[in-house]
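Please open the structure in your viewer and keep the selection tool at hand.

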Amino acid sequence: MKPVWSRVSKEIEGELAGTNTSCPYHPSHFRNQECTFCYCPFYPCEDPDLGEVAESPRLGRIWDCTHCNFIHRKDVASYVHGRLRASGISGPGDPALEELFRETKTKFHRKGKAVMILGATSDAGKSVIATAICRILNDRGYSVTPFKSQNMSLNSRVTHKGHEISMIQDLQARAAGVSRPSFRINPILMKPKGDGMSQVVLEGVPAGDYSSADYYSEFVPGPGTDALKRSIDFLQSRYDFVVMEGAGSPAEINIYDSDIANMRAAKAADADCILVVNVEWGGSYAYAVGTLDLLHPEDRRRVKAIILNNLRGNVSGMRAAAEELEEMTGVPVMGIVPHLDFDLPKEDSESFRGVKSVGKGRTVVAVPKFPRISNFTDLDPLLHEDVTLRFVSSPEEMEGAAAVVLPGTKSTTSDLEWLRRTGIAGRILSLKGEVPIMGICGGYQMMGRILRDPFGTEGEPGDTEGLGLFDMETEWPGSGKKTERFGGTYIPTGDPISGYEIHSGMSSSSETPMIKTRTGTEGSIREDDMLFGTYVHGIFDKPGFRRHFLSKAGCALSVEIVDHDDHVENNIDKLAHGVMEAVDAELFDRIFMEGRL
Amino acid sequence: MRIMFLGTSSNSGKTTVAAMMCRYAAINGISVAPFKASNLSSSWHITGSGSPIGIGQAFQAVASGIAPDDDMNPILLRPEKEGVVRYLKGSPCAISDDAAFSEVLASFDRIAGKYDLVVCEGSGSPVELNLKGRDIANMRMVRERGIPSVIVGDIERGGVFAAIYGTWKLIPEEDRRYLRGFVINRFRGDISVLYPGIEELESITGMRCFGVIPYADLRVPEEDTSVSEVSCREGLVSLDELLSACRDSVDLDGMLRISGT
Ligand code: SF4
């Protein structure tokens, strides 16, 4: 008997475990999972609908069950538990076990239900509604995954396996309770570099730069379409629900056939669709009617409901109009969702554009508003303290700043040039030793002596002089990119730090390191000058270091200590609750639950 | 001669397009004035006679080369503590929609009597199902005075074809004859990618596309602070820049023609 089967035998002898939230590994797969079989009796089933072959650095080729949820379904676990108790199966190799697996799979395994959230405009609130729906379904105990085939964003995250995906799908995965999201939830990520080009990240790895024309003529018909199909198949065979998000409007008739983010994805997954319309700017009925009418008839048939979103006013005033809309389109209005008050990381650099400051705290943290600013959600946790984030484009705006944070950027050297041209660089240097100055990723690279980009990864090939705050050199080797999750402790205080790294420039610093990891160190620090630099995104998420940094800025720390993860978690619940309150529960069940147990 | 710019939503860029039209007509020696029946705003411009009018109309007047006048925007809706209050030429008035509408028509007629071309701007979207029958600033105006109209859609938020099509579709069939065309506003990139969509929209609605306006960070006074004539004049610089950027992509002469000029 293999050692694992001895564990399985115990699981069979024991009672059904339910959801074991006290386990340190919980949830191993998804929130609210069934934990009876921590060790799967079928391992290794070698069924590609459930697990996959993977290379492990330690063990070589292994059967990888990271994304399998099958044995953690309540119905499956209870059935298998009962059958194993009754059968006296001896363990792996027993043909009866294989037979039981086949039987269980035939009885329970089916394609996940796919529902796509479409938007009449890019700011319709699709991703917010999708986030809420992920949580609502997961609360009911289902395994749920988000999906967006193609996302354009400069905010990204790194999966446990080191793949890069968009920030918003990572957030949705959290709402869905997925503990280790796969890159398949966002197989195509476009990161605009300016000058009309985008870096395309395909299935978690950089796949070259494309102009918009080449993207549609070359990328979409080939690798894009393949990745879309692979991802959808993968997710649908593993999750009860696939909550898909469209991109922009599905009714862009000038690119209808080459749009793989909307109806083609819906078709590939045979998804029902919900159309979300933002009512804030008015014209929402025209947007709704126009969107539906411009869809091809076979696509329009997929649209099962409309959500009128973001109403700042009286719901009753819109009821009659909503009924008229239903009559006109034949599509029921599932709900009129009011403008909800919640605080979650936002995707829209659009709305960021006009913003001068966020927060109302007394400690002003100045953040240079790089033209190519990226991963600016790193700054959100600072707002748990008495802080105002001020986005500055001139040295004058830095007046009164108690700290400076240089955020990430998609293009370090050209944003560094911008920093000099605006005069902000000079002002930062004059603040050295006066206020804490922190660089994250691209901002950290700028703090060094020199930035060498011989292959022109960042812009024009050549060397750029850095701010010289650290004795550090950064070089872009021309290929490769580090995308990794990160964990360590802040050396001066021992506070834990977690996050992720995404960068292609590599730095060598002769400064004192800032963070200790299991295998080495990271970052640079000069405590006397209050200079901090790190590649770690998410550096402020944990309260320890965040509060340490802000105390250097003279910030009066709040009594309540907020962990950013808990904050996000609470706000997901708040959002899900607000959306569920506003939608017609019966219609919701008809769309999502039909044919479910 | 008259023309009306209707929006697919508020903020779609009607004010800017109307200002461009005013400016272009004035440059071409046409006597022109702006008009908007009613404005929802908490800020305004005070005319020479002491009445508040919408900032957009003040700016358009300056673009037309004339002084702002109360008749250019007879009704202001101001959000106040008790809700939205209707002001008629500066004084709060509790009259019926119909009575207000006759005032609006009287103002329009006075403007039309003084100038050859009246460039009108609608308010919000003309097809709000929840305002049906109460809307005096859009189709009621168009119908009553037979004003050829152009729909302005904002492409920045996406869904512009759906928005223009949906607006056209929701306008009652008997009124669609006033809808002569559409304009796509705030576009970035290579216009040629839009052509297939524009052609399809032209063929299903019978409206023609009068052009695509590039995205501009226009420092035309926004409708959120009180604004003087001087600052309106400053706004003309960026308006002129936008006009010259649109020389090839917007058919202003075509729009003058449908206005009856
Ligand atoms: S893939 Fe799933 S069913 Fe197969 S062995 Fe792994 S956990 Fe068990």
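Is A:Phe592 buried or exposed? A:Phe592 counts as buried, at 1% relative accessibility; buried means under 20% relative accessible area and exposed over 50%, with partly exposed in between (1.4 Å probe, protein chains only). This is a predicted model, in which local features need pLDDT of at least 70 and side-chain atom pairs count only at pLDDT 80 or more, while totals for chains, interfaces and linings use all residues. Residues are numbered from 1 along each chain as its sequence is written, chains are lettered from A and ligands numbered from 1 in the order in which they are written, and side-chain values use heavy atoms, with hydrogens and water left out.

Next, select B:Phe35 and B:Phe108, an edge-to-face aromatic pair with 5.3 Å centre to centre and 80 degrees between the planes. Rings of Phe, Tyr and Trp (its six-membered ring) pair if their centres lie within 6.5 Å; planes under 30 degrees apart count as stacked, over 60 as edge-to-face and the rest as tilted. B:Phe35 belongs to strand E2 (residues 32-35) of chain B and B:Phe108 to helix H3 (residues 97-114) of chain B, so the pair ties together parts 73 residues apart in sequence. Helices (H or I, at least four residues) and strands (E, at least two) are DSSP runs, numbered from the N terminus. B:Phe35 is buried, at 1% relative accessible area, and B:Phe108 is buried at 0%.

Then return to chain A and select A:Tyr490, A:Phe532, A:Phe540, A:Phe545 and A:Phe549, which form one aromatic cluster.
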